[in-house]
Amino acid sequence: MSAVVNLRRIGLPRLFVHASVLLICIIWLIPTLGILVTSIREKDQIVASGWWTAFSSSTQTTQGRLGAPSTAKQEGSNYVITGSVFEPGKSGTVKAFGSRVAAPSEFAAGTNADIRNGEMLQINEDGSYRYTKNAPFTGDQGRRIYLAVASPPSFTTANYNTVLNAEGIGQSFINSLTVAIPATIIPILIAAFAAYALSWMEFPGRALIIAVVVGLIVVPLQMSLIPLLKLYNEVGNLFGVPSKTYAGIWLAHTAFGMPLAIYLLRNYIAGLPKEIIESARVDGASDFEIFMKIVLPLSFPALASFSIFQFLWVWNDLLVAIVFLGTAKDQLVLTGSLNALLGSRGGNWEILTASAFITIIVPLLVFFGLQRYLVRGLLAGSVKGG
Amino acid sequence: MVTQIATAIGVMVAGVFACALYYWLSDKTLQLVFPVPDDNVRTASRNLNRRAVVRPWLFLGPALLLLVVYLVYPVVATFILSFYDRSGTNFVGLSNYAWAVQDAQFRQSIFNNILWLAVVPAACTFFGLVIAVLTDRIWWGNIAKSLVFMPMAISFVGASVIWKFIYEYRGGTETQIGLLNSIVTWLGGNPQVWISLPLWNNFFLMIILIWIQTGFAMVILSAALRGIPEETIEAAVIDGANGWQIFWKIMVPQIWGTIAVVWTTITILVLKVFDIVLTMTNGQWNTMVLANLMFDWMFRGGGDSGRSAVIALIIMAAVTPIMVWNIRQANRETGGH
């Protein structure tokens, strides 16, 4: 800390530091903010304007049709069509209108414009219009007109309804939980027992096992995939069970998380005060009792750190899931669904952004809720190694 | 749905219970097999010794079994498979390796991986260090750190969607809704299909990983910076060093070890990068990397385990120096224990 205090005295002007950190924060936050804002915008607005304009009212040029000539009423020598340019149930503010595509916003709203051939058109801000002609209207269709419509910022949860139900993200969410909960908790106990043995028990080969575990931490997953896929298929054939099951992926995640878990927990458990464990031994406690009653409760911070890592890793994993789980609805996890949607719904940003946000919300909650343990775990895992 | 979650929780509880039961039962069995009678000191001490010999292996058993089946055996099996044909039944010698050397896509992947390795660890470490130094000096630094750290929690797939939206391109006269193209248009440039621009697209994919990993580098380096002894900086101040000199000549040299750890950790991550390329381009437009090529060959045309294994081994070979270094480092630590 004091090194930091010292730096304050020297160094760059304070204002510059504040400004640059603010800029960094904005750069880092904007990408995520973009999909969050987009996911609650209306489908039409997403493609009409950038998400950063979502909070100001947007002006869009649209086209519409006036009422058909058959709806005209005669007023004196004039024929009149009235109505609203908005379809029933829609609203907005008309800023300008025009009768030609070359000049779609020729006249300001409210003006009684002369649009030639003896025709007058007045469109008010609320969309109501009055279209008059000094002779009978001809033709079958209503006249095409162009509008500059300002729509107020409007937000919706419709995208979330769509993806949760129609796009199967709801089911995938459940699948992700089904994978992640057991795959987070089960490794902890197995790793903790192993870490205790490696820290406080003397036996031949201990140093070798520690070295192997440390080495296995960095073994790329890619090395395991082919033989395991073959193994799973053979086991499936042998016992006549499907080769892609939740049990299979729980075991895979448990095993893949094991080296780091043993390493992190061993670092912590080996650092527990020697006196406590020695005195328990003198009192006649067995290793099993020492582990359950002393080591496990004392190691809570390390256990918490590891479970956060493991949960984030399992929840965010795509590779293990697409290799060891099927692509049917009842097995597709969130990352897999999102990947599939990127293929099938490439341009539908209302669906992609809402799905992405559902995918990242759980890890974000875990992150902000338990950041302390996460940082502690990172430091234990990395700084000690250096 | 409810049943599925109930099953998951049930499995979790059952799994934990089964684990606990295993350890408890094995401990009990051990006591039964090697009893410690009160009246026979000799047998008692012999059996106590025997228990001490067996017990570590009971504690280690499940973990070792998992490690062997899921990591040690597959490494050996992948090595052997690399000498066999696509189905893994006929020995073909080095022909898979020969294929790799002359395959254009394989070379492309190697080139791209080297590009990733050259850029991403350096960029993450650099930005992480700069942000750590800057945020340590302001009162709201911790909030800023949280924000930069946050992408660590986001999946690579989620991050890919987030950035794909930034790189979004819309043709013709349509409004650009992607942030990058919108800025480019605003500055008077022409919108581009960023992820299909040869060579450059690699960098656009790298930005995603840098965005995710800088927070990691920042957290670790920030802790290391705080561990620098105050005296060294005070002495430099007295000697008239300016902030820039203090940073480069006093602080950075003292955290070289940590910088190396951050660098190697991100290097390993980069070698395994898969999700980002899969979701952004699926290796199209010359963005293929080894991990994706390996996955591709696992399933391409019914799967070719030989070629796939060769590619996996290349990744493994790239990781091995770091692995050896880690093991030596760990041995040095446990040697004193």
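Which side chains meet in a salt bridge with an N to O distance of 3.2 Å? They are those of A:Glu106 and A:Arg100. The legends below describe close-up views of a predicted model.

**View 1. A salt bridge in chain A joins A:Glu106 and A:Arg100.** The distance from N to O in this pair is 3.2 Å. A:Glu106 counts as partly exposed because its relative accessibility is 36%. A:Arg100, at 35% relative accessibility, also counts as partly exposed. Side chains of opposite charge can pair when their charged atoms come close. A search of the whole structure finds 11 salt bridges over all chains.

**View 2. A:Arg143 and A:Glu119 form a salt bridge between distant parts of the chain.** Their side chains meet at 3.0 Å, N to O. A:Arg143 sits in the loop between β8 (128–133) and β9 (144–151) of chain A, while A:Glu119 belongs to strand β7 (residues 119–123) of chain A; the two are 24 residues apart. With a relative accessibility of 26%, A:Arg143 counts as partly exposed. A:Glu119 has a relative accessible area of 5% and is therefore buried.

**View 3. A buried salt bridge in chain B links B:Asp136 and B:Lys145.** The N to O distance between these side chains is 3.1 Å. Both B:Asp136 and B:Lys145 are buried. Elsewhere, salt bridges that share partners join A:Arg281, A:Asp287, B:Asp27 and B:Arg55 into one network.

**View 4. One salt bridge is counted between chain A and chain B.** In it, B:Arg55 pairs with A:Asp287, and the closest N and O atoms are 3.7 Å apart. Nine residue pairs are found in polar contact across the interface of chain A and chain B. Helix α5 (residues 169–200) of chain A provides 18 residues, the largest share of the side of chain A that touches chain B. By class, that side of chain A has 89 nonpolar, 29 polar and eight charged residues.

**View 5. Chain A and chain B bury about 11000 Å² between them.** Of this area, 78% is on carbon and sulfur atoms. A:Trp28, A:Met223 and A:Trp349 supply 8% of the area that chain A buries against chain B, more than any other three residues. The contact involves 126 residues from chain A and 117 residues from chain B.

**View 6. The largest nonpolar core has 205 residues.** Within this core, A:Phe324 and B:Trp116 have the most contacts. The element that gives the most to the core is α5(A), with 17 residues. Beyond its neighbours within four places in sequence, A:Phe324 is in contact with A:Leu225, A:Leu228, A:Tyr232, A:Lys244, A:Thr245, A:Ile249, A:Ala252 and A:Phe256. Another core, of 17 residues, lies apart from the largest one and includes A:Ile115, A:Leu121, A:Tyr131 and A:Phe137.

**View 7. B:Ser82 lies in a loop of chain B and is buried.** The loop runs between α2 (41–81) and α3 (95–102) of chain B. B:Ser82 counts as buried because its relative accessibility is 0%. The side chains of B:Ser82 and B:Tyr97 are joined by a polar contact of 2.7 Å. Leaving aside neighbours within four places in sequence, B:Ser82 is in contact with B:Gly93, B:Asn96, B:Tyr97, B:Gly306, B:Ala309, B:Val310 and B:Leu313.

Definitions and conventions:
Residues are numbered from 1 along each chain as its sequence is written. Chains are lettered from A and ligands numbered from 1 in the order in which they are written. This is a predicted model: local features need pLDDT of at least 70, side-chain atom pairs count only at pLDDT 80 or more; totals for chains, interfaces and linings use all residues. Side-chain values use heavy atoms; hydrogens and water are left out. Contact means heavy atoms within 4.5 Å. Buried area is the accessible area (1.4 Å probe) that two parts lose on being put together, summed over both. A salt bridge is a side-chain nitrogen of Lys or Arg within 4 Å of a carboxyl oxygen of Asp or Glu. A polar contact is a pair of N or O atoms within 3.5 Å; within protein, one must be able to donate a hydrogen and the other to accept it, and residues adjacent in sequence count only if both atoms are side-chain atoms. Helices (H or I, at least four residues) and strands (E, at least two) are DSSP runs, numbered from the N terminus. Ala, Val, Leu, Ile, Met, Phe, Trp, Tyr, Cys and Pro count as nonpolar, Asp, Glu, Lys and Arg as charged, and the others, Gly among them, as polar. A nonpolar core is a set of buried Ala, Val, Leu, Ile, Met, Phe, Trp, Tyr and Cys residues joined through side-chain atoms within 4.5 Å. Buried means under 20% relative accessible area, exposed over 50%, partly exposed in between (1.4 Å probe, protein chains only).
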